[in-house]
Amino acid sequence: MGTALALAERSRGRTAPNPNVGCVIVRDGRVVGRGWTQAGGRPHAEAMALAEAGAKARGATAYATLEPCAHQSPRGPACSDLLIEAGVSRVVVALEDPDIRTAGRGFARIETAGIAVTRGVRADEAKRSMAGFLTRQALGRPHVTLKLATSLDGCIAMPDGSSRWITGPQARAHAHLERSRHEAILVGRGTYDADAPRLDVRLPGLEERRPMRVLLSSTVRDVPGWTVIAAPQDIAPLPNVDHILIEGGAAVASAFLAADLVDRLLLYRAPILIGGGKHSLRDIGLTDLTEAHGRWAIVDARQLGSDRLEVYERERNEA
């Protein structure tokens with residue numbers, strides 16, 4: 001399952017509206033097929049893995065990060081049917097598919113065919129891997145990541161607004177990797193006017209990944225090459241966007257936090273002090289300090305050159 005999860009990451013931010021799934025076919029202790037959802041959502045991971053395995057799939061175990069789909073599509077057959085036809089003897093899955101077209105039907109179809117099913121293996125990691133798809137299914141909007149690059153004292157720029165560069169090259173490279181894993185990147189009018197950002201991916205081998213550029217502005221209506229929205233809630237209907245990255249600036253970050261639309265926080269901190277610079281946040285609507293506690297859980301921390309990255313996730317009541 002660890003290999004399947006790793007394969008799923010290859011297509012994160014490229015498969016919407018389909019989930020980014022990974023699949024591994026194992027026979028006699030050897031991997032005979034690997035697959036991950038391809039750009040645009042097809043082929044599915046299971047179809048790719050079974051095609052590679054060929055006849056070796058008979059009697060094998062299939063590991064998939066999401067329940068194999070049960071619905072027919074003009075773009076391809078149901079993966080549960082493909083697994084049955086291939087003759088696998090066991091299917092191991094991390095998560096049930098929340099899509100009402102499958103939602104347990106894939107499991108039922110496979111079990112009816114006499115194939116053993118094991119569920120819930122490394123489910124928490126699969127939830128994190130497919131956060132965009134799951135958020136879209138549960139909340140009807142993209143999964144939102146807020147990126148903040150700050151000094152130790154929480155500043156994002158000098159008093160005059162200059163901000164290049166607060167963090168070093170390793171942190172900036174990691175930020176570009178994050179860009180490649182999102183279908184859209186959003187900035188505010190201030191960042192657009194000050195920086196004229198390209199919002200492209202400048203990493204070798206990933207240059208073709210060009211996320212949708214989204215501008216949050218209540219005054220501008222049409223900007224060539226950009227999708228303009230007037231309020232944070234307007235991200236919901238963005239087409240084929242399951243992951244959106246918020247990059248700037250303080251007003252935009254605060255607006256999304258105040259609307260409780262941030263699901264994940266990337267905090268890059270450089271070992272510098274600025275003092276009277278521009279701070280990363282404005283008012284986010286808290287009226288009591290107790291409201292600030294219990295909202296964020298750290299899920300990752302690492303050193304990137306001289307900078308420190310911490311990753312937090314919003315704690316929400318799933319009930």
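Two strands pair if DSSP finds at least two bridges between them. Strands (E, at least two residues) and helices (H or I, at least four) are DSSP runs, numbered from the N terminus. What you're looking at is a predicted model, where local features need pLDDT of at least 70, side-chain atom pairs count only at pLDDT 80 or more, and totals for chains, interfaces and linings use all residues. Residues are numbered from 1 along each chain as its sequence is written, and side-chain values use heavy atoms, with hydrogens and water left out.

**View A. Strand β9 pairs with β10.** Here β9 and strand β10 (residues 227–229) run in the parallel sense over three bridges. Look for L216, whose bridge partner in β10 is I229.

**View B. Strand β8 pairs with β9.** Five bridges join β8 (residues 184–188) and β9 (residues 212–216), again in the parallel sense. I185 has R213 of β9 as its bridge partner. To get from β8 to β9, the chain goes through helix α8 (residues 189–195), making a right-handed β-α-β crossover (with the strands pointing away from the viewer, the path from the first strand over the helix to the second runs clockwise).

**View C. Helix α3 packs on helix α4.** The axes of α3 (residues 79–86) and α4 (residues 105–112) sit 9 Å apart at an angle of about 20° (axes are lines fitted to C-alpha atoms over the stretch in contact, and angles run from 0 to 180 degrees between N-to-C directions). α3 and α4 are therefore roughly parallel to each other (angles under 35 degrees). In contact (heavy atoms within 4.5 Å), S80, D81, L83 and I84 of α3 meet G106, R109 and I110 of α4.

Definitions and conventions: Parallel < 35°, antiparallel > 145°, perpendicular 65-115°, else oblique.
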